[in-house]
Amino acid sequence: MLKGVIDPEIGINIVDLGLVSEVESKADVNIITMTLTTPGCPMHSSISTWVENVIGHFEPEKKVVINLVSEPLWTPDKMTREARQQLGM
Amino acid sequence: MVQSESIVSAYAPPFRIVAKYFVAAIISFVVLNLLLLLNYSSISGHHFQPKILSINHIATLGWITMIIFGAMFQLVPVVLETKLFSEKLAEIQFWIYLPGVIGFVYCFWVFDTGFNMTFFATLLNLAMFIFSFNIILTMKSVKSWNVTGWFLAAAIFYLIVTAIAGLLLAINLWTPYIKLSHLQYLNLHAHIAFIGWISMVIMGVSFKLIPMFTLSHGYSLTHAKLAFWMINIGLFGIAATMLFEKTTNLYYTFILLVVLGIIFFLLQIHIIFKNRIRKKFDIGIKFSSAAYFMLGLTTVLGTFIAFVDYESIINLTLVYGYMIIFGYISMLIVGQMYKIVPFLVWYHKYSSKVGLEPVSMLKDMFIEKFAEIEFYLMLTAVFCSLYSLAFRSEIGLLISFSLMLISSIIFLFNMIAIFRK
């Protein structure tokens, strides 16, 4: 379902971009570990809010915790092949 | 959930404040092109002429500075991760600045250089002081500084210097008191405005936005830092040496330092582009890269002008000014607006629906084909105008100013389309 969160600028979803590194689903909480393409990206709070909204929408009974990490830095090789093709790499 | 949503709104000011500045700026751009076209046969000769001075200030105050104000209200809080000191001041500033611009350019047009011009120049100063006060107090709460922050802080300093210098020049036209030549001070006022104020903003913002738009990674910002010091030391040196003796070796050294700083800026931009992941150039990036290219050309011409008696070559300053305002700055603004405005409107409208229902992508916010046409029209108009100014072809100016007006109307049309989305 996180594939529904698309970076509006690039037009690629955050999963294919390789921004989501870990999804941990526990009994009462979903923990998402993710990063952003640029440190201090102006979109930082928006993207995490979208992720919270989406997860919260599908599993409203569980809490959502977004773990936004800056290390390790995002690198282009984290992208899927589809995403790379879309960017013309 | 609610908490992170409030962080977004806490950082960025309300869209209506930013939009007000953008709308006024875009209208100024069209008016400016219309006036150029209607007066095409007067755009020749020495630059110190009422209509040329008037149109130039519609460009610098109504179009360029107006759009920078709006963009900085949006970007400074977001990029430096802090809240704008006062939204109310941003609102009040607009209503002081707008009549200031209109009154001031009208005074130039009819060459009313008495009390009225000084009065409107004072209004402009007041608005710019309010702006600087607002941004400085915003920056005071910044926790982690970056290169963009340095450039923007320096830009604020030069805005104030430019504003005060402009006011002093206005007073000098009313009651002459400046011992040195008025034109020499005008030269300094213009260069501090273009290199100190406008270019510092452009450079600082470029370092943040271009990597974001092109997805550029893994480069160092050494060139940007060197550019910062070279340009600042150079500008201080130019101002200081000019007050004593103009044609000293020291004066020329400082000019070369500024030129070197601009070259380092362009090298940094080149490095950012080289490290980009997104290979395809969209319309915003096309405009921007053409603008950086024009900055390079303008710098070559500017260096030449510094070493010759430029006033003896007819229309040379007009060619130079046109290159700066249209080739470099306007192309860059238009390009960045095609990236920023769709995002702001998109965010306003669709942000809460992301992931839950299909939403538009940014490129669907306007008709890219029209923007593409605008790009080629504008580029043609720039080169055609430069040729016509240099070789004093009136018919050439008529054609190129018409093309530029059409391209500005397409821009207006596209921006209205985005706002109405």
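**Chain B of a predicted model**

Reader: Where in chain B does pLDDT stay under 50?

Author: In this predicted model, pLDDT stays under 50 over residues 1–9 of chain B, and the model has 13 contacts beyond four places in sequence for them. Here pLDDT is the predictor's confidence in each residue, from 0 to 100, and two residues are in contact if their C-beta atoms, placed from the backbone, lie within 7 Å. Where pLDDT is low, the predicted coordinates should not be read in detail.

Reader: What conventions apply here?

Author: Residues are numbered from 1 along each chain as its sequence is written, while chains are lettered from A and ligands numbered from 1 in the order in which they are written. As this is a predicted model, local features need pLDDT of at least 70 and side-chain atom pairs count only at pLDDT 80 or more, whereas totals for chains, interfaces and linings use all residues.

Reader: How many helices and strands are in chain B?

Author: Chain B has 13 helices and 0 strands. Helices (H or I, at least four residues) and strands (E, at least two) are DSSP runs, numbered from the N terminus.

Reader: What percentage of the residues of chain B count as buried?

Author: In chain B, 46% of the 421 residues count as buried. A residue is buried if 20 or more other C-beta atoms lie within 10 Å of its own, exposed if 12 or fewer, and partly exposed in between, with C-beta atoms placed from the backbone.

Reader: Turning to helix H11 of chain B, how many of its residues are buried?

Author: H11(B) is mostly covered, with 27 of its 35 residues buried. Helix H11 (residues 316–350) of chain B reaches 49 Å from its first C-alpha to its last, close to the 51 Å expected at 1.5 Å a residue; the expected span is 1.5 Å times one less than the number of residues.

Reader: Where does H11(B) bend?

Author: H11(B) bends by about 35° at Ser330(B). The bend at a residue is the angle between axes fitted to the seven residues ending there and the seven starting there.

Reader: And Leu215(B): where is it found?

Author: Leu215(B) is in the loop between helix H7 (182–214) and helix H8 (222–244) of chain B. Its phi is near 55°, a positive value in a residue other than glycine. Leu215(B) counts as buried because it has 22 C-beta neighbours inside 10 Å.

Reader: Is Arg392(B) buried or partly exposed?

Author: Arg392(B) is partly exposed, with 13 other C-beta atoms within 10 Å. Phi of Arg392(B) is near 50°, a positive value in a residue other than glycine.
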